[in-house]
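Hello,

Here is the structure I promised to pass on. Please open it alongside this note; my findings follow below.

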Amino acid sequence: MQRINITKIIVDNNVRQRQDLGTEEELQELANSFKEVGQLNPIIIDRNYKLIAGHRRILAAQLLTWTEIGYE
């Protein structure tokens, strides 16, 4: 899994993304999981850094104030 600075990722709302990102509590649970075991599943971006999958993972990483996230 490679790593990328979160600020380089482009979240385009016109691209099909998960509409329900979950509650604040659910995002916090994902962030807690990241803290305990790390990021197990990478986000998916295209060659232009446009997000294809993993918006919740980005939000959870931001809750932990991570500057980078794993991607494929």
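**Overall size and fold**

For 72 residues, a compact globule would have a radius of gyration near 11 Å; the protein chain has 12 Å, which agrees. Keep in mind that this is a predicted model. Along the principal axes, the C-alpha atoms fill a box of roughly 30 × 25 × 20 Å.

The protein chain has two helices and four strands. From the N terminus, the order is β-α-β-β-α-β. Take the contacts between residues at least 6 apart in sequence: 81% of them join residues at least 24 apart. Buried residues account for 33% of the 72.

**Helix 1**

Helix 1 covers residues 24–37. Its 14 residues should span 20 Å at 1.5 Å a residue, and the end C-alpha atoms are 20 Å apart, which agrees.

Which residues of helix 1 are buried? They are Leu27, Leu30, Ala31 and Phe34. These cover an arc of only 100° around the axis, so they sit on the same side of helix 1. The general rule is simple: an α-helix has 3.6 residues a turn, so residues three or four places apart point the same way.

The buried residues pack against helix 2 (55–63). On the other side of helix 1, Glu25, Lys35, Glu36 and Val37 are exposed. Just after the helix comes Gly38, with a positive phi of about 90°.

**The core**

In soluble globular proteins, nonpolar side chains tend to be buried together. Here the largest nonpolar core has 15 residues. Ile9, Ile43, Ile45, Ile58 and Ile69 touch the most other members. Helix 1, helix 2 and strand 4 (68–71) each supply at least two residues of this core.

What does Ile9 touch, leaving out residues up to four places away in sequence? The contacts are Ile4, Ile43, Ile45, Tyr49, Leu51, Ile58 and Ile69.

**One aromatic pair**

A search of the whole structure finds one aromatic pair. Phe34 and Trp66 are stacked, 5.3 Å centre to centre, with 15° between the planes. Phe34 lies in helix 1 and Trp66 in the loop between helix 2 and strand 4, so the pair ties together parts that are 32 residues apart in sequence.

Are the two partners buried or exposed? Phe34 has 6% relative accessibility, so Phe34 counts as buried. Trp66 has a relative accessible area of 26%, so Trp66 is partly exposed; the cut-off for buried is under 20%.

Best wishes

Methods
Residues numbered from 1 in each chain as written. Predicted model: local features only at pLDDT ≥ 70, side-chain atom pairs only at ≥ 80, totals over all residues. Heavy atoms only, no water. Expected span 1.5 Å × (residues − 1). Buried < 20%, exposed > 50% of the residue type's maximum accessible area, 1.4 Å probe, protein only. Arc of directions from axis to C-beta. Contact = heavy atoms within 4.5 Å. Core = buried A, V, L, I, M, F, W, Y, C linked by side-chain atoms within 4.5 Å. Phe/Tyr/Trp six-rings, centres within 6.5 Å; stacked < 30°, edge-to-face > 60°. Rg over C-alpha atoms; globule rule 2.2 N^0.38 Å.
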